[in-house]
Amino acid sequence: MSHPLHADRPLGVGILGAGPVTQAIHLPALARLRGLLEVRHIMDVDPAVAGSVAARVGAASSSTMEALLGDETVDIVAICSPHQFHAEQVIAACRAGKKAVLCEKPFAMNAEEAGRISAVSRETGVPIVVGAMHTFDPGWLAARRNWDDLPGTAHTIRSSIVLPPNARFEDFATEIITRPAAGTPDYGDVEVIKSMMQGGIMGLAIHDLPLVRQFTPDFADIEVLQARHVRPFGYAVSLRTPTRTIELRAAMNSTWKPEWSFEAIADHAALRIDFTPSYVQAGSATATFSRGSETTTFGPYGHNGYEGEWRELAELARGTRQPPPAQALIDDLTFALAIADATVESAAAEHGRRPAGLAGATGATA
């Protein structure tokens, strides 16, 4: 249990998992919010890692979830562990009586787990935030306040990501779930292609899928037109609903300038949001509306979506903001899982249709 909250003291944060995302993204964001939030406990299954990371911020350390959840100075629990542990840890944090829980993406691996989490959140009253950081970015929030009827009229939605092919930055930026073993992947092996596509959607595209869903009222009726793996890591996916075309593209190449954009396009208006890479502490996204010959830009603002989600967690923990509806989190997850499953199968089928002579081809391949 956490102790009673006092308005004049920072909220205590405990983090389950001390990997790259914790070290490179969350700790710098929390450092900018001193006075509001304070890291009190770091847990990692490797005690040396937990101790080293905790020492940087003057926090306690442990190697078990139970030790962190039993720490009464911890008000908010952030779950940054491997994805297969997320559901169990979210439920345990809620039952431990914490004030709020942040869970990195995906917060569950299937609909059954998501339903259990939702039920426990309702039972305990503990609000849960899923770390879809773009939905907390001030640039995205400004777009929401100003997009008028665009979600109802948009016919094309596009997420485009270009990042350097650096494994270290790749981990920091995307929290990739599936990475091939060391060495050159066997692109002729359909299981390798399926694994990389699954990792691409659930580790990278998932950042923008809650945004896509906002512009896809008929998201439950989605069809994969094409799903191709892009070497060495990336994807080119085309989807369709009865009223929308959705394009998901990602590539790692030798660019010096990372780009991450989201677009929603209607006949008479368009929105483009340019996000900063996660591993660069460079402020918010910029949202640009085009309506006829008129262009309006919002941002950049002083902080990014990671800092935004921590600000929201502080408000939720103090009870000054209403928690997000659990159904929205479940819909975001089932939308992502449906796209991942369908694109993996589509890419595998395309792989099986390729002539043997194309096995060594480069670029966009399935």
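Predicted model: local features only at pLDDT ≥ 70, side-chain atom pairs only at ≥ 80, totals over all residues.
Both D75 and R9 are buried, where buried means under 20% relative accessible area, exposed means over 50%, and partly exposed lies in between (1.4 Å probe, protein chains only). These two residues form a salt bridge, with their closest N and O atoms 3.1 Å apart; the term denotes a side-chain nitrogen of Lys or Arg within 4 Å of a carboxyl oxygen of Asp or Glu. The pair links distant parts of the chain, 66 residues apart: D75 sits in the loop between α3 (65-69) and β4 (76-79), and R9 in the segment before β1 (11-16). Helices (H or I, at least four residues) and strands (E, at least two) are DSSP runs, numbered from the N terminus.

Residues are numbered from 1 along each chain as its sequence is written, and side-chain values use heavy atoms, with hydrogens and water left out.

In total, the structure holds 18 salt bridges. One of them joins R291 and D148, at 3.5 Å from N to O. R291 belongs to strand β13 (residues 286-291) and D148 to the loop between α6 (138-146) and α7 (150-153), so this bridge ties together parts that are 143 residues apart in sequence. R291 counts as partly exposed because its relative accessibility is 31%, and D148 counts as exposed because its value is 62%.

A further salt bridge brings together the side chains of R40 and E38, at 2.8 Å from N to O. Is R40 buried or exposed? With 16% relative accessibility, R40 counts as buried, whereas E38, at 38%, counts as partly exposed. There is also a network of salt bridges, which links R158, E247, E263, R272 and D274.

Let me turn to helix α2. Spanning residues 47-57, α2 has A50, V53 and A54 as its buried residues. Seen down the helix axis, they fall within an arc of 100 degrees (taken from the directions from the axis to the C-beta atoms), so they line one face of α2. What covers these buried residues includes α1 (20-31), β2 (37-43) and β3 (60-62), contact being heavy atoms within 4.5 Å. On the other side of α2, A48, A55 and R56 are exposed. After the helix comes G58, whose phi is positive, near 70 degrees.
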